[in-house]
Amino acid sequence: MKFYCPRIIVLAVVLFGWTSYLSADDHAAPSMQPGPALAKLKSGNARFVASAASSSKPTRARRAETAQSQHPFALIVGCSDSRTPPEILFDQNIGDLFVVRSAGEVVDNYGLGSIEYAVEHLGARLIVVLGHERCGAVAAAVASDSAPGHVGNIVRTIRPAVEAVRNQPGDQLTNAIKSNVDRVTDKIRRKAELGSLATSVRVVEAYYDLDTGKVEWLNR
Ligand SMILES: [Zn+2]
């Protein structure tokens with residue numbers, strides 16, 4: 001038995017290495033290309049604004065259909081604000097959207113990991129960074145450069161976006177919210193480690209109007 005141990009170890013190392021190599025390249029097929037995915041979100045938001053379709057969702061049938069696997073067609077990075085649930089704003093169902101939310105849609109390493117996971121393993125190719133009107137997290141960063149507890153981390157993260165547009169004309173909070181969307185988008189583009197998939201992923205910026213229900217596409 002002693003004689004075979006080293007061989008077993010060598011075999012285990014070779015197999016493990018092989019498996020790791022395979023898993024590194026074994027990406028999920030795209031659920032949907034970015035163009036059609038964006039069109040689907042736009043038509044969903046139009047339905048939401050017209051308030052004709054959302055009452056039928058989520059559905060039991062879709063729950064059963066997605067219970068064993070998921071292929072979300074888009075990834076939304078949005079604010080935790082209770083008025084901005086992406087599935088509702090875009091009139092989508094269970095299993096349609098992979099959503100990463102935090103106050104002020106700030107993205108930390110956990111958020112970046114979640115984004116990488118959804119792209120690599122679930123096939124998402126469109127990433128939407130969604131800011132919204134009267135965002136409380138951004139308003140806190142406009143009002144001060146600090147806050148108690150961990151809210152302070154959020155405020156300090158958003159603060160550079162506020163400073164970047166401090167002297168711009170127009171509404172200071174709206175400018176800061178859009179500037180924050182810019183910075184979050186830039187961070188995702190620079191820091192998400194998507195390897196060979198990076199070129200097939202599209203990151204777009206959006207702004208949700210609480211009053212009208214419309215999502216404005218910022219096209220920056
Ligand atoms: Zn918010």
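Is Ala103 buried, partly exposed or exposed? Ala103 counts as partly exposed because its relative accessibility is 29%, where buried means under 20% relative accessible area, exposed over 50% and partly exposed in between (1.4 Å probe, protein chains only).

A word on the model: it is predicted, so local features need pLDDT of at least 70 and side-chain atom pairs count only at pLDDT 80 or more, while totals for chains, interfaces and linings use all residues. Residues are numbered from 1 along each chain as its sequence is written, and side-chain values use heavy atoms, with hydrogens and water left out.

Ala103 sits in the loop between β2 and α5; strands (E, at least two residues) and helices (H or I, at least four) are DSSP runs numbered from the N terminus. Beyond its neighbours within four places in sequence, Ala103 is in contact (heavy atoms within 4.5 Å) with Cys79, Ser80, Ala137 and Ile154. Gly78 is 25 residues away in sequence, yet 8.1 Å away in space, C-alpha to C-alpha.

Now follow β2 (97-102) and α5 (109-122) to the second largest pocket, where each supplies at least two lining residues. A pocket here is an open set of points on a 1 Å grid over the protein atoms alone, with protein on both sides within 12 Å along at least five of seven lines, and lining residues have an atom within 4 Å of a point. Among the residues lining this second pocket are Val106, Val107, Thr157 and Lys187. The lining of the largest pocket also includes Val106, Val107, Thr157 and Lys187, and α8 gives the most to that lining, with 6 residues.

How values were computed:
1 Å grid on protein atoms, 1.4 Å probe; cavity = no way out; pocket = protein on both sides within 12 Å on 5 of 7 lines; lining within 4 Å.
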